[in-house]
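Please look over the model shown below.

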Amino acid sequence: MNISFAFKNFEVSDHLKKYARRRIEKLGRFFGKSAGFEVSVVLTVDKFRHRCEVTVRGEGLHINASEQTTDMYSAIDLVTDKVEAQIKRQVSRFKKQRRKTAKSDVDVFTYNFDAQAEDTTEVSGTNRFVQKPMHIDEAIMQLDVIGSEFLVFFNDENSRINVVYRRRAGGYALIDPVL
């Protein structure tokens with residue numbers, strides 16, 4: 001973590017420099033050992049207003065915070081608290097996204113090179129879905145809505161997987177496998 005300081009409109013004391021550096025370096029505990037972060041601190045005095053601005057950039061992170069008080073030390077404390085809160089929020093957001101992607105269903109497709117030479121038919125796609133149990137009439141209505149040639153559904157009457165399809169001669173037919 002590289003920290004750069006800029007001081008505007010006042011002579012900075014060594015004690016203030018050390019204090020600001022110590023407070024900003026404490027933010028490094030959130031970044032770990034990655035050295036790719038740039039932190040720029042701008043301390044400004046305008047009449048009675050003491051202003052501290054901190055910008056953290058690097059590795060997809062951009063945090064900017066500023067605070068203004070009548071005392072420079074309190075401005076530094078308040079702005080580091082703001083930056084710390086923003087970092088914690090970013091980290092929790094990142095963890096939440098990680099958990100969300102880990103829980104999402106992954107459609108696994110395995111490809112066997114040996115089977116390709118023997119098989120002349122191929123599967124061009126796979127659809128996976130969670131289907132609620134439905135009656136045959138409801139399945140036919142669903143088939144009309146989606147405009148497909150067939151529909152696989154969980155029959156509510158017999159508690160089995162059934163297939164309803166359109167016949168070429170017209171009408172519908174039902175496949176009810178009994179195991």
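This is a predicted model: local features need pLDDT of at least 70, side-chain atom pairs count only at pLDDT 80 or more; totals for chains, interfaces and linings use all residues.

## Helix α5

Helix α5 spans residues 136–146. Its buried residues are A139, I140 and L143. These cover an arc of only 100° around the axis, which puts them on the same side of α5. The face turned away from that buried side carries D137, M141 and V145, which are exposed.

What do the buried residues of α5 pack against? Their partners are three strands: β5 (150–155), β6 (160–166) and β7 (172–175).

## The four-stranded sheet

An open sheet is built from 4 strands. Their order is β1-β2-β3-β4, and the pairing is mixed. Strands β1 (2–8) and β4 (61–69) are the edges, each pairing on one side only. From one strand to the next, the twist averages 10°.

Strands of a sheet pair through backbone hydrogen bonds, either parallel or antiparallel. Here β2 (residues 38–46) and β3 (residues 49–58) run antiparallel. They are joined by 9 bridges. Within this pairing, V42 stands opposite E53 in β3.

## Helix α1 on the sheet

Helix α1 covers residues 14–25. It lies across β1, β2 and β3.

Note on methods. Residues are numbered from 1 along each chain as its sequence is written. Side-chain values use heavy atoms; hydrogens and water are left out. Buried means under 20% relative accessible area, exposed over 50%, partly exposed in between (1.4 Å probe, protein chains only). Helices (H or I, at least four residues) and strands (E, at least two) are DSSP runs, numbered from the N terminus. The arc is that of the directions from the helix axis to the C-beta atoms. Contact means heavy atoms within 4.5 Å. Two strands pair if DSSP finds at least two bridges between them. Axes are lines fitted to C-alpha atoms, for helices over the stretch in contact, and angles run from 0 to 180 degrees between N-to-C directions.
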